[in-house]
Amino acid sequence: MKVIRLHPRDNVAVALEDVAQGEVVSLDGAELTAAESVRRGHKLALSPIPAGAGIVKYGCAIGTAKADIPRGAWVHVHNAATGLSEGGAYRYDHKTYELPSVKPRTFRGYRRADGRAAIRNELWIVPTVGCVNSIAQRLARENQHLVKGTVEGLYTFPHPFGCSQMGDDHAQTRRLLAALARHPNAGGVLVLGLGCENLTQEQFKAELGPYDEKRVKFLACQEVPDEIKAGSDLLAQLADYAGGFRREDIPASELVVGMKCGGSDGLSGITANPAVGRFSDRLIALGGSTVLTEVPEMFGAESILFERCESEEVFGKAVKMIEDFKHYFTSHNQVVYENPSPGNKAGGITTLEDKSCGCVQKGGSAQVVDVLGYGEAVTKKGLNLLSGPGNDLVSATALTAAGAHLILFTTGRGTPFGAPAPTVKISTNTPLFEKKGNWIDFNAGTVAQGESLDDAGERLLDFVLEVAGGRLTRAEEQGFREISIFKDGVVL
């Protein structure tokens, strides 16, 4: 099969392989002649589409025709335009869908002293201010001898903030860093400050809340004669504490998994994203939790999520999340539809609606149980929405801060980065998996070659439980770990 129609209402099909001009392809028992060459992931018109008429994919309008589009023509940015605007009216039309039946599963994880589950047992250095980044990096570099036994790694997460910030930016930095310090994958945390920054240790401790002094240590570099020795001594104490944890069987119901996409292509919404959606439904059926973010990449497809909000209260929170992000755009005199990226377009994504309809496939069919603000943690089992931008590093950091033990990251073009939580890269197409085996962990391109989405989702569940049990991701193997903090306001 070279082309696929995703929904009976669609007036475009998607090429699963390159289609040459004049080539005749079969679809739904009929033949379609390509009026021009169409690359993998791009769209062909199944019938004539008059100028101004809607272009329909996934059963949803993804834009309008700029001019008459003949049958078999390539449909893309040259002849299609977004139908989005800054406004929007929403109503609660609740729908439910049955989740799959899944046998109980477990993974080999760590049980923390406070009862939480973890999938890694690492030491983390969290700088409160960019001024101490180099010290944090030196401490991480010079104390790798502490990585032994069940202590699986020592990492730090440099960033440029923590001082010269005001208002919401200052609060967001404080909230995000404290959330990282609480993350269960860190068996021990050194919070490293300078001593004169805006984000004081008193503020940090207040944001952190009650904490185990054996697990979290604080150091202000200006207050000690030798910050490298003092920091190394504290890391040794943390390593002794973390080294007492051992892997044990833990129910899969305790897993929290983040979901996002980046470097998407025309197959993202057909292979990798819906495969993640099938995984999400399975994990939730087991009693676990998933988290979906990238709010600007919900624009145009938000109703697909809104109709699955489990209550009017959750629906109201979801609408506010969307409207607040639209206001964020317009308050900076930007349109809400300045997306997709050049790479997305090269891969076959035409409009933001096209991208969004593919993006939300990661949410599967489960009920939305909660909507989280930036820096807030998951507290409810099921599918959670998280406020955050589409930017890969910012949103992956926010997913980690929300408590995601690991992150599923779908991509059609590939990317090497890793969040603080293990980041599983899932290719939308097999050529990417074969080309960038040093980046990609899991191939969902097999769906375009005939594998069912249910089988891909089951295979992904198996893989996730392996990663939760200690299998390293490609990014972990290469030591790729980064954070990026959301910023909106002035720098003093």
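**Cavity, pockets and a surface patch**

The largest cavity has a volume of about 70 Å³. The model is a predicted one, in which local features need pLDDT of at least 70 and side-chain atom pairs count only at pLDDT 80 or more, while totals for chains, interfaces and linings use all residues. Residues are numbered from 1 along each chain as its sequence is written, and side-chain values use heavy atoms, with hydrogens and water left out.

Let me state the terms. On a 1 Å grid over the protein atoms alone, a cavity is a set of points where a 1.4 Å probe fits but cannot get out; a pocket is an open set with protein on both sides within 12 Å along at least five of seven lines; lining residues have an atom within 4 Å of a point. Points are joined across faces, edges and corners, and a volume is the space filled by probe spheres set on them.

The structure holds one cavity of 30 Å³ or more. Lining the largest cavity are 14 residues, with Asp265, Ser268, Ile349, Lys355 and Gly358 nearest its centre. Helix H9 (residues 352-359) supplies the largest share of this lining, four residues; helices (H or I, at least four residues) and strands (E, at least two) are DSSP runs, numbered from the N terminus.

The largest pocket contains about 740 Å³ of space. Its lining has 29 residues, and Tyr58, Pro274, Arg278, Gln361 and Gly364 are the closest to its centre. Two or more lining residues come from each of helix H5 (272-285) and helix H6 (302-306), and H5 gives the most, with four.

The second largest pocket has a volume of about 570 Å³. Of its 21 lining residues, Gln172, Asp324, Gly373, Tyr374 and Ser387 lie nearest the centre. H2, helix H7 (312-331) and strand E19 (368-372) each give two or more residues to this lining; H7 gives the most, with eight.

Finally, the surface. Which residues make the nonpolar surface patch of about 310 Å²? They are Met166, Val490 and Leu492. Accessible areas come from the Shrake-Rupley method with a 1.4 Å probe, and for residues only the protein chains shown count as cover. Met166 sits in the loop between strand E13 (153-156) and helix H2 (167-182).

Note on methods: Patch = residues over 30% accessible without salt bridge, like charges linked within 9 Å, V, L, I, M, F, W, Y side chains within 5 Å. Salt bridge = Lys/Arg side-chain N within 4 Å of Asp/Glu carboxyl O.
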